[in-house]
Amino acid sequence: MYHQPVLKNRRTLLERAEKFISDVYFTDCNLRGRLYGDSCPLESITSFLSSKRITFTEASKQNFAPYKVGDTFGPTWWTCWFKVTLKIPESWRGKEVHLVWESDGEAMVWRDGQPVQGLTKEGEKTSYILSECLKDEEPHSITLHVEMACNGLFGAGQGSMIAAPDPKRKFSVQRAELVIFDRDVRQLMTDFEMLVDIVKELGEGEQRGYQALFTVNEMVNLCDPFDPSSFSKAHSLAQKFFSQRNGESQHTVHAMGHCHIDSAWLWPYEETIRKCGRSWVTVIRLMEKNPEFVFTCSQAQQFQWVKSWYSELFSQIQHYVKKGQFIPVGGTWVEMDGNLPSGESMVRQFLEGQRFFNQEFGMHCKEFWLPDTFGYSAQLPQIMQGCGISNFLTQKLSWNLVNTFPHNTFFWEGLDGSKVLTHFPPGNSYEMKGKIEDLVKTVKNNKDKGRANHSAALFGFGDGGGGPTQLMLDRLHLVQDTDGLPRVRMSSPDELFSQLQADSALLCTWSGELFLELHNGTYTTQAQIKQGNRQCETLLHDIEIASSLALCRDRTFLYPVEKLQELWRLLLLNQFHDVIPGSCTEMVVEDALKYYEGTFSTQSVLDIRRDGDALLREACAALGSKGNSTGVFNSLPWERHEVIQIQDDTEKSGLGMCVLKRERSFTSLRQACHVIFLTELCVTLQADGTVLMQNGILQTVINKNGTLASLHLISANRETLSDGCCGNQFVMFDDVPLYWDAWDVMDYHLQTRKPVLEVVQPVRVVSSGGLRGSVSFTLRISDKSTLTQEIVVDATCPYIKFNTEVQWAESHKFLKVEFPVRVRSPNATYEIQFGHLQRPTHRNTSWDWARFEVWGHKWADLSEHNFGVALLNDCKYGYSIHQNTMTLSLLRAPKAPDATADMGTHHFSYAIMPHTGSFQDASVIQSAYNLNFPLRLIQCSPDTVPWSAFSVSTESVILETIKQAEGGKGTLVVRLYESHGSSVTATLHTTLPVREAWHCDLLERPDPTQPACVTSEGITLNFSPFQIVSLLLML
Ligand SMILES: [Zn+2]
């Protein structure tokens, strides 16, 4: 066709093409206006409203009342079920027929009692395809059900996405009708859209962009929207462009369908189950039509939910897993937080996840998949490798507020030297749309150009579910190999990582943690969830040890395999990356706290504390041969001298000094004895109103306002606190982040520091001597909040403990406690999973000052040569140690997404422990364990002989876990780790009748090359720094 050459005006040509497919402008005459043909109303719509999430069977029995499109219903979190009858006109023979359904809630279409299609306007899914090409023999009269949740893809935030949900929102169906869909128009529109995007994304500097511009302009010339016979000419022109191929060196993008579903976030766990159903059934529909489509899917918990709620869908998923299209990834129970769960919890995330994937799909995941959590522990590489995983995918560090992470493809080296091949998709997203922009970004942002020529692109709506669409698949299919764009292939994590591994010779290594320079408030927000996590981790630890030992003491004892698995799974679920960080709504918090401690009336629902306590009692009863005397159960593998509260029938309640004497005894059972202890413990109220407390190890002077005027380590004759400064100083900060309220504390909050000075009740002596000395005082934090604290000094105890109660009713404030100490060191040490690491105490570089708020577990320490101070805690995770001031973060008060976050009463403890030598030599690690794992009183017979099952010859090696092997009876798993950062040889002594022992991995698979040598002395084990060793002990 001859026409005038176009003028050199890029803008008019580009906009002309854009308007040709616009859904806003010129739809009367453009191509977009032809996408849908005739429409036809539904025969009838009736509805039924339910406050609960009920099954299809239950819903289908209800009385449905007539519904008119546009009518509103609700409120938020209810469910509206619709019954839809429709009749497709016979005249639509040969056409593609859709049920169009547009509503502001997420919906699921049910047909013949089965879920068939998820519908979400926000996820660009508003059609259920009734026929692709209507034939006479197809059913024309159909009845469907539509289950519509009264919440959007992102819940129901009031005003903004992360605002607290509006509980009274009303919902409606805006459109419900049958339409003819023109697939040819859709195809041609995709051609147009991709060419337009190429013009825009390649910009004015690229020759290829102009080729796209002239192609698309010529297509407009050729295409008459009202004459379908003109479409093929335009399409051929597009094809000619898209089929001009790349050279061999072009970058390859591995496209993988994905659907990030937060296991709970702005919606409760129960809604997530339906989100999985809606998203995954849609994926199955796409797989039926697109045999090359690959979808990656993480979180065993979500598979478990779908298995129990949608069994037919689960079978279909199993089918596509077998075909290699539906690919379970990650190997964990949920996509957990990467900072706060304990080492053992992280192991269990993989153990439960990998076991589930193996049972249901006959496979183990080879990659760890955690695209969306708020930093990654330096111990993860070792844990991954121990669980059969050597590849890792995430992208969250692209959210760093201060520094740009320097790699996309690299080796990540953990605390112990373990390495995993790591890939951050350079497009910096886990929810791409298959657009040109995504592909161009993937190439441009890649910081390993020339080293790694393969990248991942994950496409599909995410966070709230949704997943990929046919349009995304069509887009990617179109540009598989188009000159000027990266090569695109539908791929799997396995293929991607194999390619990266094959070309890994030039890759760089990043050593240590992957610290996210954002969301640092999540170490503190929702304090009760964090406390629940720490206490339940402790409880499960103790149950497993007591039950394992009970197995050896009492042949009739049954190890509670199933119950323990259920409790662990609840704990692991709450470690999801928006639950334990506290970045979730009030409803989620309520659910999470119920899992820790139930307020359920029904006994059928488990909670960890109630059911766990019962399991512990049963195990301890089997250990203590039952009886009415009191014994003590120590679940830690070392000697302990502690003051404990005693209560039993024979003696009045009171304090006892419990001495678990046997050298390095693991567990001793003996009557708690009131030892008359030669103690120098005394507490004296002085003339100036201050109180002097000392126990022979420490001497402290407490001011009237509860601050420490002095803290003296007697053996070293050394003052701990800085000159002119007070310890235990509470401080308040304004805490207004830029946007992510529950998530973020910004650097500028440090400029708003205000000491808490107003005394309500000055310090008074509660207990003046004997085994325990204590004082208490009350401060006013504001006119809304108060703080009462008991400061405790126990006989023989190397630390001072602060039992704290806070009535907290603040808004956007941050409460911390400070200890300025007489120590100078460029680095402070923080406990992490199975080890510790150092972070700077100065702010030299941007990488240093970006860590103004960091996370740690049970302790942090600031030491110079031969002297240091440790700050211990029993349920906190946020720390900052700047120069010589050690600060523990206590409570925050964000208002979104939970407007009531952290309001109410809090109880927590922390402790300060000055020491000589290094923290390793001073047993800081053991002290922090002691604070967190209280000695437990149990009933036993009066003649019970003290008994110890395990001990370890070296203090640096900690026996962390003892459990029955997943393989079953007669075998125990013990897990130890080197905690000092040293290479050592240790001997594990046991009094149990061990027949043989084998090294095994964290999934408890024995290593046939590594029998462990059992002698009368015990089992000799070699450790490198921070190495985790697991053994199978056959009894
Ligand atoms: Zn997420």
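**Note on the zinc site and the open sheet**

1. At 5% relative accessibility, Asp 372 counts as buried, where buried means under 20% relative accessible area with a 1.4 Å probe and protein chains only. The model is a predicted one, in which local features need pLDDT of at least 70, side-chain atom pairs count only at pLDDT 80 or more, and totals for chains, interfaces and linings use all residues. Residues are numbered from 1 along each chain as its sequence is written, and side-chain values use heavy atoms, with hydrogens and water left out.

2. Asp 372 (OD) coordinates the zinc ion together with His 260 (NE2), Asp 262 (OD) and His 577 (NE2), at 1.9 to 2.1 Å; donors are N, O and S atoms within 2.8 Å of the metal (3.2 Å for Na, K and Ca), and sites may look incomplete because water is not among the atoms. His 260 also counts as buried, at 1% relative accessibility.

3. The donor residues follow the spacing H-x1-D-x109-D-x204-H in sequence. His 260, in the loop between β12 (252-258) and α6 (269-289), and Asp 372, in the loop between β15 (367-369) and α10 (380-386), are 112 residues apart and link distant parts of the chain; helices (H or I, at least four residues) and strands (E, at least two) are DSSP runs, numbered from the N terminus.

4. Elsewhere, six strands form an open sheet with antiparallel pairing, in the order β3-β2-β5-β10-β7-β8, two strands being paired if DSSP finds at least two bridges between them. The edge strands, β3 (65-66) and β8 (114-119), each pair on one side only, while seven bridges join β2 (residues 44-50) to β5 (residues 79-87).

Conventions
Buried means under 20% relative accessible area, exposed over 50%, partly exposed in between (1.4 Å probe, protein chains only).
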